[in-house]
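Subject: Structure for you to look at

Hello,

Here is the structure I promised to pass on. My notes on it follow below.

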Amino acid sequence: MDASLTIRAATKSDLDQIAYVWHASTSSIDAIAAQLPTQDSMRSRINAELDAGWELFLAERVGQIIGMLALKLSANVLDQIFVLPEAQGSGVGAALMAHAKTMMPNGFTLRMAEENRQAADFYERSGLKQFGSGLAGAMTRPLNRCL
């Protein structure tokens with residue numbers, strides 16, 4: 001991992017910037033952008049998800065939040081992983097994925113928009129396997145003994 005990149009738990013003072021990262025990253029996905037909620041709606045959802053049990057982490061480089069990771073640890077779910085478009089391809093997503101794997105060492109699942117090929121390619125490069133399709137494909141990081 002890049003020495004200038006830090007992965008840490010989010011604090012309340014980070015939440016507005018995390019909403020910005022989430023919105024900016026999601027806005028860059030052509031297949032999703034047309035139905036995208038506002039940044040304020042995403043910020044409200046962050047509060048609701050934290051109340052419901054999200055564990056929220058961020059990637060930070062030189063004091064700037066450039067990525068976010070939301071986990072539902074009790075269900076072994078990687079719920080959200082997003083990186084600012086200008087920081088994509090620089091190892092931020094890989095560092096967030098490595099953190100998710102550390103936090104959920106027995107495996108996890110995630111859902112993604114089936115048409116988001118960029119995300120699917122990233123997940124496959126990260127060692128996840130696709131199982132299922134439809135409106136939202138599913139990926140999993142299975143236990144080593146199960147496939």
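Among contacts in the protein between residues at least 6 apart in sequence, what percentage join residues at least 24 apart? The figure is 55%. Please keep in mind that this is a predicted model.

Overall make-up. The protein has 147 residues, and 45% of them are buried. There are 5 helices and 7 strands, which follow one another along the sequence as β-α-α-α-β-β-β-α-β-α-β-β. The accessible surface of the protein is about 7900 Å². Carbon and sulfur atoms account for 50% of that surface.

Aromatic pairs. The count comes to 2 aromatic pairs. One of them is formed by Trp22 and Trp54, with 5.8 Å from centre to centre and 50 degrees between the planes. Pairs with planes under 30 degrees apart count as stacked and those over 60 as edge-to-face, so the pair of Trp22 and Trp54, at 50 degrees, is tilted.

This pair links distant parts of the chain, as its two residues are 32 residues apart. Trp22 lies in helix α1 (residues 15–27), while Trp54 sits in the loop between α3 (39–52) and β2 (55–61).

Are these two residues buried or exposed? Buried means under 20% relative accessible area. Trp22 has a value of 3%, so Trp22 is buried. Trp54 has a value of 4%, so Trp54 is buried too.

Regards

Notes:
Residues numbered from 1 in each chain as written. Predicted model: local features only at pLDDT ≥ 70, side-chain atom pairs only at ≥ 80, totals over all residues. Heavy atoms only, no water. Phe/Tyr/Trp six-rings, centres within 6.5 Å; stacked < 30°, edge-to-face > 60°. Helix = DSSP H or I, 4+ residues; strand = E, 2+ residues; numbered from the N terminus. Buried < 20%, exposed > 50% of the residue type's maximum accessible area, 1.4 Å probe, protein only. Contact = heavy atoms within 4.5 Å. Areas by Shrake-Rupley, 256 points an atom, 1.4 Å probe, with all protein chains shown as cover.
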